[in-house]
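Please load the structure in a viewer and keep the selection panel at hand.

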Amino acid sequence: MLADDMACNARNKYPAQVFNNENHRLNLYGDNVEVDYRGYEVTVENFLRVLTGRHETAVPRSKRLLSDEGSHILLYMTGHGGDEFLKFQDSEELQSHDLADAVKQMKEKGRFKELLIMVDTCQAATLFSQLHSPGVLAIGSSLKGENSYSHHLDSDVGVSVVDRFTFYTLAFFERLNMYDNASLSSLFSSYNPSLLLSTAYYRTDLYPRQMEQVPVTNFFGSVMETIHTDHPYRYSKRKGSSKGKIEMSLDQAVQDEKRRILSNLGDQNIDSDTKCPMGSMIHMWNSILDEIEKFEDRDTLVYYGLVMMLPLLAVSSWLSS
Amino acid sequence: MELLRRPIFSLLLLLSLPISFPSISLGSAVQGEDGHREEEFTEELLLKPLPDRKVLAHFHFENTAQRTQSYGRHHHLFPKAISQLVKKFAVREMELSFTQGRWNYESWGGFDPISSSNAKPPGVELWATFDVPPDQVDASWKNLTHSLSGLFCASINFLESSATYSAPEWAFQPASGNLRYGTLPREAVCTENLTPWLKLLPCRDKAGISSLMDRPSIYRGFYHSQRLRLRPAKIIADGADSGIVLEQTLTVVLQPNGFRTKSSHSSENKIPPTWAMSSLLGRKIEGRCVLAKSSNVYLQLERGLVAELNALKENQEFVGTTVLNDDLIENPAFEISVKPDWVLKEVGNLPTGSSSLMYGYSIGKSTDSGPFDLHLTWKSPMVWSCPRPPLHASRFLMGSGNERGAIAISLRSTGLNEGLYGSNKDKESCVLPVNVFQVVPWYIKVYFHTIKVFIDEQRKAVPDVIEKIRVSPSEDKVLPGVMEMVLKLPCGVKSAAMTLEFDKGFLHIDEYPPDANQGFDIPSAIITFPNVEAAMHFNQFSSSDKSPLLSRFREKNPVQSYTEVLLVPLTTPDFSMPYNVITITCTVFALYFGSLLNVLRKRASEEERLLRAKGRSSPLSRLLAKLRRKKEVEPQSSTTSSSLFSSKLVVKIILVAAIAICWQYFG
């Protein structure tokens, strides 16, 4: 459901293209995009009709949610919102109790088995505060009284292209590769409040299973890029093993994660000392590289680098004088 | 034993397959021999340089199928979605177009077949005729709009309400019958509309000419319009079942890159920009679609351009240079990178004398000779005029304010109507009929008795000019206002205008769209010249290879032009009024009840004071006692304040500070 036509808007400098980053690397509005409800059709009434399945007889199948009691549904909502509401088209509001009612109807009619609601608005956690149906997971980008912010401005297009919550969600998924078995708990714990500038709050009390056992592919599909090669593919073992170590630690609780990483580094250092003196330098360099790889925010790395350059500059100027 | 039986059984099947194959192929061959019973698909692309330095690219895909009485039918090339739609809603003819941009009739032409059938109003336009009894047509139309909205990811379902569609009888299409017409002027057109349209083609957008459709290049154009036309096929032998012809066209007007910065000031003596298919559309044709019967690219030179080239050639011949060919492949004005496979010339009696030229290229199979890319390099500045319709139609609003206004349709001569005298020497009786079809929403309440007609800026009586008029008055929230009329104008008319007054209506608060303050649209009016045909006949180089695009050019369709869409501001309510009313009412209530309670509380303490004061004697002494008490109280309070200054005030300050600190940290 897209209320505004952004891609082919007359003011869009890049027609038929919607980017989520300033570097314009990924065009979200690809060739196979499908928008079922757009423009004036995006109303609270149509949204609730889609959820509950109460359409007129003439409505075609592509505009219906064809789900049954074994379906997993992902519901992603973004826009302007506030305490217990979400704004539609600047003239209507979806209230939290209406959403809870619709979800209750869906459960009674057997229209889903598991439902994940992601909300990216101001005070997002209030929108799902009234939910009481089993099998529902919800995550919001901010708590009551907090605002959600956009990530960065693309001065070429002239608007902010992505919100912080969405940006870090995408960053999480971009980091995964085909063989990872990341769970929802790793997704939920990957949000850093100081980077989001708000607290991402999630609600798991209505969900029967543990977060660590639910893979993200339960709700998120994946696109496999198939490349046809004539030669056999060589699988490099080194990268895979280190990734595996990190993945195991991510699946634990946050405190355990920190402890395990420290112990890993410590083990490496101990090993190096017994082997050879030069090896310690190499291992320290490797540990530094690992730390750098774990950096989620490249900006802080750049700032650290700049700050470290200052003493170097001072030393060189002192030497030259 | 069963294990033995299975491999033997499978072996027998394998052996029997090659025997059955020839029978299957024989069967298809039998169908194939019967000429009009097989499915055919052809793809064509036409490129045409336009006088204002832009390039027109017109894609034409035609798919023919046989309609049968039985429901289950396997299609081999024809899209199943369309055949199911036709079968379910008994659609006889249908046209659906998605357009963005306005067709510039002055620079891009209005007289040729492309502009007459492909210049569409902005937004969505849908019309359809049905093979059902007249009382079921509305129900079929409603279901059709819903199915199309699901198929093309657009809000075509808004056309289901009777206030949005109309039933023209003779002004739009001659002899229509069960025709329904509807348009949505404000519908956006984007990739999600083009993708399902391309999925109806046998090769999708993966191979053949349709692989050229780079979405950013198409939507960067000045005008783009995708059209889907369904019509019954002309039957040769039996009239029992007729086939369907699905015609899909995409018309794009593009600007070649690199000349945006230069051509701001007088572009008359500048050389038109060089363009290539790869620079306009971003891709080259890798190969043809293997399912297509024919795959051709055409480059058309208009009559005006050919006339200019001939004049240039004559000048050069006069000077004494080499004699050039008649087909103008090598000429001093421009150079083409690929030599055309054949050249077609327009035939028939033409008004100006010079005929249009068509260079044809046949796209070979896959990568025989590399990808196909056509370059056109201009060598000398060239200015030519395009064929314009006899009268240039435009429409505008008159009047101001939120209560009333007027619509004016103006027809201005372009000089072409002079040529319509033809053989009729009697200039007095030569008459140019003009059909006008206009649909106006119900909230624009038109008064048909206020029609005024002006010819050559002189007011004429209405019966003198309007030969036939049919009006369907609007009904609030139910029907739009429909007007069909035939104007008889003298052939040598310089300008004609027609005005119509209206009142603006009121909408219910629920009926306003979210962006109500932008205004409301009056859809385009359709101006048709029934006596003037937009047809182009080209000599076919071989009768076996018939091009559907050129056959469409030969159809005798009348010249049609669309006027602009009008934006009418209506009175909109203040949508924040409910909020304001609630706030004001609550404030009034709060003030009233608050002050009431306050006053009640004060009375009670007054009574206490009275009881205390009862100890004293007379009212005067009471007054004196009051004053004295005040004097007593003051020094008392001062003493008390002096004693309590440090502790109470300090405690208060500390409390306020603590609250402020807590608020700062925990808020």
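Is B:His392 buried or exposed? Select B:His392 to begin: this residue is buried, with a relative accessible area of 13%, where buried means under 20% relative accessible area, exposed over 50%, and partly exposed in between (1.4 Å probe, protein chains only).

Before continuing, note that this is a predicted model, in which local features need pLDDT of at least 70 and side-chain atom pairs count only at pLDDT 80 or more, while totals for chains, interfaces and linings use all residues. Residues are numbered from 1 along each chain as its sequence is written, chains are lettered from A and ligands numbered from 1 in the order in which they are written, and side-chain values use heavy atoms, with hydrogens and water left out.

**Around B:His392**

Strands (E, at least two residues) and helices (H or I, at least four) are DSSP runs, numbered from the N terminus. Then display the contacts of B:His392, leaving out residues up to four places away in sequence: B:Tyr105, B:Glu106, B:Ser410, B:Leu411, B:Arg412 and B:Thr414. Contact here means heavy atoms within 4.5 Å.

**Chain B as a whole**

Now select chain B, which contains 13 helices and 27 strands. Of its 667 residues, 45% are buried. Among contacts between chain B residues at least 6 apart in sequence, 75% join residues at least 24 apart. The accessible surface of chain B is about 34600 Å², and carbon and sulfur atoms account for 58% of it; such areas come from the Shrake-Rupley method with a 1.4 Å probe, and for residues only the protein chains shown count as cover.

**A helix pair in chain B**

Select helix 2 (residues 80-89) and helix 5 (residues 137-152) of chain B, which pack at an angle of about 165 degrees with their axes 10 Å apart. Axes are lines fitted to C-alpha atoms, for helices over the stretch in contact, and angles run from 0 to 180 degrees between N-to-C directions. Helix 2 of chain B is therefore roughly antiparallel to helix 5 of chain B (angles over 145 degrees count as roughly antiparallel, under 35 as roughly parallel, 65 to 115 as roughly perpendicular and the rest as oblique). Show side chains next: B:Ala81, B:Ile82, B:Leu85 and B:Phe89 of helix 2 of chain B meet B:Ser140, B:Asn143, B:Leu144, B:Ser147, B:Leu148 and B:Leu151 of helix 5 of chain B.

**Chain A as a whole**

Move to chain A, with nine helices and nine strands. Its 321 residues include 34% that count as buried. The accessible surface of chain A comes to about 20300 Å², of which 55% belongs to carbon and sulfur atoms.

**A helix pair in chain A**

Select helix 1 (residues 44-52) and helix 2 (residues 96-108) of chain A, whose axes lie 9 Å apart at an angle of about 25 degrees. That angle makes helix 1 of chain A roughly parallel to helix 2 of chain A. At the contact, A:Phe47, A:Leu48, A:Leu51 and A:Thr52 of helix 1 of chain A face A:Asp98, A:Leu99, A:Ala102, A:Gln105 and A:Met106 of helix 2 of chain A.

**Last stop: A:Ser91**

Finally, select A:Ser91, in the loop between strand 3 (85-88) and strand 4 (92-95) of chain A. A:Ser91 is partly exposed, with a relative accessible area of 47%.
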